[in-house]
Amino acid sequence: MTVYVLIPVFPLWLMQTENFTPLETGLSMGAFGLGLYLLGSQCSWLVQRFRRNVVCMWAIAAIAADVMLLWYIDGLRSEFVEFWVILLHRLTLGAAFGLAQMVLSSTLIIDTCESFQRTEANHSAAWFSRFALSLGPLAGGVVYEMYGFDKVLWVVFACALLSIIMIQHVHFPFRAPEEGVQVASLDRFLLPEGFVLFVNLFMVSVVMGLLLSLPLGVLFYSLMMTGFLLALMAQRFVFRDAELKSEVICGLILMIASLLILLSYPNSPVAPVLIGLAMGIISSRFLLFFIKLSRHCKRGTSQSTFFLSWETGLAVGLCLGFAAFYNKRDNLLYCCLALTIVALLMYHLYTHAWFIRNKNR
């Protein structure tokens, strides 16, 4: 939520208060996606060299410090912030968030669970992240309307502080560091074998990022969260014994339906519910695909790869939404529709069969 709270309000602040152009705003949002990769190759070395929970807490503290820099900038009412300062802010925010999430998903969550519970733990953690995608913008939008941008930043700071306190109160068993760990490696960072899954999920999350760049109200995020809840129930009762291929196919068809509804009825309450339902179903299945694709020793790396695919797509979608489709709602939705259809064809004609051939579990 420390990051997602800013999605609906940060671009508004840049354009309305700091006089940024849509192109500059889009590039600023996209810089976050680039920042996600800056510290990824050092993730394995950091958790071996230092205590893994301390690495995560320092990364979250860096997020909080970055947000407080924004608060200071917002207080300088007499002058506009330079574009390069915001780019640097977004890069460092992405780097800190990427490191925190990679340590959390690839190490901390796995290390606190028995081996037979780890898939369920990864699944649960991913669902909390999904709910944050609706709760974060919902909280950001409400606070921004009532109290202004500076109070939104205090909400972000509070979320970061609570995260640090929670991690501090979890006991992590001691684990002796491994010998000969390289400073830079793909361990706990990227799974090259998952490239096809990465690209397919990336296309889906770009669509989500494009949609989030639209001026959406509080009701939209509330209804999207309802869709996430329906996706949870659908996984348990509808797709429990269904064919493996059916979840992603159904999710992408629901996504196409929601986009067609948005094109015909812009204020329809059905579309955001379908979007939440579709994204919940699709991302849950892709998470399990990444886990099953990796060998046991690379479970953490598969989690980081899933996270990077999802977050990179969101960042690219937000970048394109402001830089290329600002005030061009129908064009944006047609682009989303085209991307979703391509993602559906790619999954149906290639990705699923490729996964069946290459999975390790």
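Okay, D187 and R188: these two form a salt bridge, with their closest N and O atoms 3.8 Å apart. By salt bridge I mean a side-chain nitrogen of Lys or Arg within 4 Å of a carboxyl oxygen of Asp or Glu. D187 is partly exposed, at 32% relative accessible area, while R188 is buried, at 9%. For those words, buried is under 20% relative accessible area, exposed is over 50%, and partly exposed is in between, using a 1.4 Å probe and protein chains only.

Quick word on what you're looking at. This is a predicted model, where local features need pLDDT of at least 70 and side-chain atom pairs count only at pLDDT 80 or more, while totals for chains, interfaces and linings use all residues. Residues are numbered from 1 along each chain as its sequence is written, and side-chain values use heavy atoms, with hydrogens and water left out.

Back to the charges. How many salt bridges does a search of the whole structure find? Six. Another one of them pairs R329 with D330, with the closest N and O atoms 3.9 Å apart. There, R329 is partly exposed at 28%, and D330 is partly exposed at 40%.

Then there's R52 and D111, whose side chains meet in a salt bridge at 2.8 Å, N to O. R52 sits in helix α4, residues 52-75, and D111 in helix α5, residues 83-111, so this pair ties together parts that are 59 residues apart in sequence. When I say helix, that's a DSSP run of H or I, at least four residues, numbered from the N terminus. R52 is buried at 9%, and D111 is buried too, at 18%.

You'll find E247 in helix α10, residues 246-264, and E247 is buried, with a relative accessible area of 5%. Which side chain does the side chain of E247 make a polar contact with? That of R285, at 2.5 Å. A polar contact here is a pair of N or O atoms within 3.5 Å; within protein, one must be able to donate a hydrogen and the other to accept it, and residues adjacent in sequence count only if both atoms are side-chain atoms. Setting aside neighbours within four places in sequence, E247 is in contact with Q235, F239, I281 and R285, contact being heavy atoms within 4.5 Å.

Now the inside. The largest nonpolar core has 117 residues, and L6, F10, L133, L211 and I275 touch the most other members. That's a set of buried Ala, Val, Leu, Ile, Met, Phe, Trp, Tyr and Cys residues joined through side-chain atoms within 4.5 Å. Helix α11, residues 270-293, gives the most to this core, with 15 residues. As for L6, leaving aside neighbours within four places in sequence, its contacts include R90, F149 and V156.

F10 brings us to helix α1, residues 10-17, where F10, P11, W13, L14 and M15 are buried. They pack against several helices, among them α2 (22-35), α6 (118-147) and α12 (299-323). After α1 comes N19, with a positive phi near 60°.

Last stop, the surface. W71 is in helix α4 and is partly exposed, at 38%.

So that's the tour: D187 with R188, E247 with R285, and the core that α11 gives the most to.

Methods:
Helices (H or I, at least four residues) and strands (E, at least two) are DSSP runs, numbered from the N terminus.
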